[in-house]
Amino acid sequence: MKSNIVALLYDVDKTLTPKNMQEYGYITNIGYSADEFWQIVNKFSIENKMDPILAYMYMMVRCARGKFIVNRRTLNDLGKPVSFFPGVDSWFARINQYAAKKGLKVEHYIISSGLREIIEGMDIAHNFKDIFANYFVYDSDGIAIWPALTINYTSKTQFIFRINKGILDVNENDKLNEYTPDEDRRIPFSNMIYIGDGLTDVPSMKLVRLSGGHSIAVYNKNLAFANKMRAYGRVDFVAKADYSEGQGLEKIVTSIIDEVAARWQQEEYQRQFLSTAEEQLEKEKTSECFEQQTLDF
């Protein structure tokens, strides 16, 4: 294990936030209730045999017509009123500090089916190394006209491999698909922790878990569903969506960091031993060569 980096991967909606991010401003701005808007999206998706992510992005633009302009600024502004589960605001600094004491560095990543533009407007956005989420392409006037990138429950796994290999540019596909030996990958799967809440996270949770990392299902009210995911082997741990200091989620994550730190320390001891052994071997070879030359003389 060459890397001392721990990657924490997060879903957003109902993982870091109690509600879907569109429900904090966008839906009220267009005059719908949350239930009404999602019913419209689901109906449109089913009628057109359409990916639900594409359907909600299309309906966000369509339902905003005549009510407000959908551009980067208005979408960023929708991130400002988003509220978070307890402790999220101080979570990143606490985890970073804990890992640093263990000789590790933490990188936080978002992998979400929400909107990147809204996430970038959230107070916590600066904590993330990168944000992988859906976003729009804009016309010459800066108006959203079409999805530029969509991430559904299966395509989320692509970004885990990007983080694993250190290829974060979404347009770089050749390098992503090239064979890379495990020892040359930037962040091993064993150094990853995936935190999510629902069915859209299942493929990612299982990938991380089966590849040697750890997955955590957080819950707000639906403990039964989270326990079911653990019973089915999709996650390692279940915790309440409370990121406060001293709570169960923090204890789980810090214990995983302890595990990674122990492996890193073991590898460091091994590297030091091998380095010393190689130096000793070189000295012995030099000494033998000198003795041979003396005898020959």
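This is a predicted model: local features need pLDDT of at least 70, side-chain atom pairs count only at pLDDT 80 or more; totals for chains, interfaces and linings use all residues.
Trainee: How do you know what counts as a strand or a helix?

Mentor: Both are DSSP runs, numbered from the N terminus: a helix is H or I with at least four residues, and a strand is E with at least two.

Trainee: Which strands stand at the edges of the sheet, and what makes them edge strands?

Mentor: The sheet is open, with seven strands in the order S4-S3-S2-S1-S5-S6-S7 and mixed pairing. Strand S4 (144-149) and S7 each have a single partner strand, so one side of each lacks a neighbour in the sheet. Neighbouring strands are turned by 25° against each other on average, direction ignored.

Trainee: How do strands S6 and S7 run relative to each other, parallel or antiparallel?

Mentor: Strand S6 (residues 214-219) and strand S7 (residues 237-240) run parallel and are joined by four bridges. Val218 stands opposite Ala239 in S7.

Trainee: Why is the unit made by S6, helix H10 (residues 223-231) and S7 called right-handed?

Mentor: The term describes the path from the first strand over the helix to the second: with the strands pointing away from the viewer, a clockwise path is right-handed. S6, H10 and S7 make a β-α-β unit of that hand.

Trainee: What is the relation of helices H2 and H3 called, and why?

Mentor: Helix H2 (residues 34-47) and helix H3 (residues 52-63) pack at about 125°, with their axes 9 Å apart. The axes are lines fitted to C-alpha atoms, for helices over the stretch in contact, and angles run from 0 to 180 degrees between N-to-C directions. Angles under 35 degrees count as roughly parallel, over 145 as roughly antiparallel, 65 to 115 as roughly perpendicular and the rest as oblique. The angle of H2 and H3 falls in the rest, so the two are oblique to each other.

Trainee: What is the hand of the crossing where H2 passes H3?

Mentor: The crossing is right-handed. A crossing is right-handed if the near helix is turned clockwise from the far one by less than a right angle, and left-handed if anticlockwise. Contact means heavy atoms within 4.5 Å, and the residues of H2 that meet H3 include Phe37, Trp38 and Phe44. On the H3 side, Pro52, Tyr56 and Met59 are among them.

Trainee: What makes helix H7 (residues 156-165) largely enclosed?

Mentor: Buried means under 20% relative accessible area, exposed over 50%, and partly exposed in between (1.4 Å probe, protein chains only). Eight of the 10 residues of H7 are buried, so the rest of the structure largely encloses this helix. Among them are Phe159, Ile160 and Arg162.

Trainee: Which elements does H7 lie against?

Mentor: H7 lies across strand S1 (5-10), strand S2 (105-115), S3, S4 and strand S5 (192-196), at about 160° to S2. The axes of H7 and helix H9 (residues 202-210) come within 8 Å and cross at roughly 35°. H9 in turn lies across S1, S5 and S6.

Trainee: Thr254 and Asn71: buried or exposed, and how do you know?

Mentor: Thr254 has 13% relative accessibility, which is why it counts as buried. This residue is in helix H11 (residues 248-296) and touches Ile95 and Tyr98, not counting residues up to four places away in sequence. Asn71 has a relative accessible area of 15%, so it is buried too. Asn71 is in the loop between H3 and helix H4 (72-78).

Trainee: Lys14 and Lys49: what are they called on the accessibility scale, and why?

Mentor: Lys14, at 39%, is partly exposed, whereas Lys49, at 80%, is exposed. Lys49 is in the loop between H2 and H3 and has a positive phi of about 50° although it is not a glycine. Phi of Lys14 is near 65°, again positive in a residue other than glycine.

Note on methods: Residues are numbered from 1 along each chain as its sequence is written. Side-chain values use heavy atoms; hydrogens and water are left out. Two strands pair if DSSP finds at least two bridges between them.
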